[in-house]
2 protein chains.
Amino acid sequence: MNTPSEHLMLKALRGEQVSRPPVWMMRQAGRYLPDYIKLREKYDFFTRCETPELACEITLQPVDQVGVDAAILFSDILVVPQAMGLEVQLIESKGPFLPKTIANQNDLDALQVIGAEANLHYVYEALRLIKKELNNRVPLIGFAGAPWTILCYMVEGKGSKSFDKAKQFCFSQPQLAHSLLQKITDVTIAYLNAQVVAGADLVQVFDSWSGMLSPQDFKIFAQPYLEQIAAAVKGAPVILFPKGSWYALADLSKSAASGLGLDWTIEPQFARQLTNNSITLQGNFDPCKLLAPIPEIKKSVKEMIDAFGPQRYIANLGHGILPNIPVDHAKAFVDAVKEYQA
Amino acid sequence: MNTPSEHLMLKALRGEQVSRPPVWMMRQAGRYLPDYIKLREKYDFFTRCETPELACEITLQPVDQVGVDAAILFSDILVVPQAMGLEVQLIESKGPFLPKTIANQNDLDALQVIGAEANLHYVYEALRLIKKELNNRVPLIGFAGAPWTILCYMVEGKGSKSFDKAKQFCFSQPQLAHSLLQKITDVTIAYLNAQVVAGADLVQVFDSWSGMLSPQDFKIFAQPYLEQIAAAVKGAPVILFPKGSWYALADLSKSAASGLGLDWTIEPQFARQLTNNSITLQGNFDPCKLLAPIPEIKKSVKEMIDAFGPQRYIANLGHGILPNIPVDHAKAFVDAVKEYQA
């Protein structure tokens, strides 16, 4: 059995030589897996998140069934606004809805910050249980949403094509926006550190909507908070995934993060160039390409690894797996990485 | 009165020296203008498009009321699938819906290609009327959707977050996809040339969903068709707007296009660098930033022009204007360009 430090994921994040790149898939736990869909029919979303046994079962499914090199906690980024005191409803196939949104100083003052991470005790219980069940087969990934992305939901109250309400909030009340971003950051740091204590071997920060920001606005409303988090998480490597924000890669490669996630709109070689080959990169297979025939998937995976190079690299999708992906296609993706020969 | 060739827009597209950059706004005709909203209450979308007097009135509104340097035809990119024989429904605030989509060779064979542009006679009538009413105050922009974007709607049947059905079609049946893309391209070229004959002084091709494609897939499914169109439109300059596809700017700067549109996620200086300063660039103000206070808008416009430089540049938004923009904010954007001093 491997010692934890010998896992491919952790070696790749430390920049150590690996025999082949490790592989996992964003949103690998859930959605497309028939066993998950069965659980979904019996328990609503937050029951699945908040019941450690269910979260554990769902987290382990892709490890057992698809053969990924890491487990990622089954949860949601919106547990943080919940922990801070905002109600979050998650309606299946409709997306999140926050009945009360943040618009002014009073709303901000009502948020819990100090000790808010303790409200997420069920996450730590789940992590401890998963850790035990994994028995060190693969490392365990914890995660949180990035402050900008969490702000988007807190202000907008739901998903959006342009998040114009969230952006208007930032552009017209920048002081208030920064105050909110700092509160989210503080809770997120405490939350991620508690995840590490509970057993997460590494953590990923999802900035799902950072690509809505111009490069200048990313520097103002997203980057400083990502940098704070990367520097403040202790005892586990951090991967930052600023989706759509290829323009920020050079700056973020100089942060305290150990890895950067990439979506599929950036060429691997260009990402290496922007990051001066100084940080581990993760990504960036177009999730829709898992709908292609299996031989085409395998060919594209090989091309992707060739382009990134097999070292300092974690194979992954460029965004979450789609619900309509056949399991054997997901498995073909994972297998292609495992079979990789330069 | 100006002769047509003296218009700032056309000079900028030819790379000639201008006294200040020209300015217009994507989707400037409609949406946020109170006089448009009144017409919308009386006539449905296709009545507004297909009645030359209404299309003319709507096209002229932003010229008269906001002071833009160009008029853009009020119409929709989905008139092309309509002209090819597919029903398109446009439900206000719900987006487009195509009851019959393209899935196989039979569907493709049923599409009209030769002469399909003649079905859009009402567009040419509108252009002739607008041209007369404009009386050469500002140039008139015609437009069409890019083949990839039109394929997205033809295959998917509606808007989508990931256009996975359209991408699956391309990835699993590439020959069929290319056949469809070529048919759309042929109709689009005939359509744009007919727009020029009817009075369009320049045309823009909107590839609204090109940013969904990886750089490699853009090269396969989008770029060749954009290049064909840019080369085949005669008698008027062409602006290509591949939204989200910053990675294609270098290649497209070598096409026959006269201008490239940019969204707000690319820094002006980097766009200049990628295009080797060899082509006119258009954009790229974050449409959400029009929700900022007016002094902030004016400051950001000045910074944008400074960054692009005032020559070989057309000031615009990075995407269509949002429906919730106050008219005086839109006007502040236009005024800030007109007041620009280096």
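## Two crossing helices

In chain A, the axes of helix H8 (residues 147-156) and helix H9 (residues 164-172) come within 8 Å and cross at roughly 100°. Axes here are lines fitted to C-alpha atoms, for helices over the stretch in contact, and angles run from 0 to 180 degrees between N-to-C directions. H8(A) and H9(A) are therefore roughly perpendicular. Angles of 65 to 115 degrees get that label; under 35 is roughly parallel, over 145 roughly antiparallel, and the rest oblique. Helices (H or I, at least four residues) and strands (E, at least two) are DSSP runs, numbered from the N terminus.

Which residues of H8(A) and H9(A) meet? Leu151(A), Cys152(A), Val155(A) and Glu156(A) come from H8(A), while Lys165(A), Ala166(A) and Phe169(A) come from H9(A). Two residues are in contact if their C-beta atoms, placed from the backbone, lie within 7 Å. The contact of H8(A) with H9(A) has 5 nonpolar, no polar and 2 charged residues. Ala, Val, Leu, Ile, Met, Phe, Trp, Tyr, Cys and Pro count as nonpolar; Asp, Glu, Lys and Arg are charged; the others, Gly among them, are polar.

## About the model

This is a predicted model: local features need pLDDT of at least 70, side-chain atom pairs count only at pLDDT 80 or more, and totals for chains, interfaces and linings use all residues. Residues are numbered from 1 along each chain as its sequence is written, and chains are lettered from A and ligands numbered from 1 in the order in which they are written.

## Two chains, one surface

Chain B puts 23 residues in contact with 23 residues of chain A. On the chain B side, helix H9 (residues 164-172) gives the largest share, 5 residues. That side divides into 9 nonpolar, 8 polar and 6 charged residues.

How are the copies related? A rotation of 180° with 0.0 Å of shift along its axis superposes chain B on chain A, with RMSD 0.0 Å. The same surface serves both: 100% of the contact residues of chain B recur in chain A.

## The nonpolar core

The largest nonpolar core has 248 residues. Such a core is a set of buried Ala, Val, Leu, Ile, Met, Phe, Trp, Tyr and Cys residues joined through C-beta atoms within 7 Å. A residue is buried if 20 or more other C-beta atoms lie within 10 Å of its own, exposed if 12 or fewer, and partly exposed in between. Val80(A), Leu151(A), Val80(B) and Leu151(B) touch the most other members. Beyond four places in sequence, the contacts of Val80(A) include Ala144(A), Ile150(A), Ile184(A) and Tyr191(A).

Is Ile72(B) buried or exposed? Ile72(B) is buried, with 25 other C-beta atoms within 10 Å. Ile72(B) lies in strand S1 (residues 71-72) of chain B. Its contacts beyond four places in sequence include Trp24(B), Ile141(B) and Phe143(B).

Most residues other than glycine have a negative phi, and most peptide bonds are trans. Arg31(B) has a positive phi of about 60°. Arg31(B) lies in the loop between helix H1 (8-14) and helix H2 (34-42) of chain B. Asn276(B) also has a positive phi, of about 55°. With 11 C-beta neighbours inside 10 Å, Asn276(B) counts as exposed.

A cis peptide bond joins Gly283(A) and Asn284(A), with omega about -15°. Asn284(A) sits in strand S8 (residues 280-285) of chain A.

Definitions and conventions
Least-squares fit on C-alpha atoms with pLDDT ≥ 70 in both.
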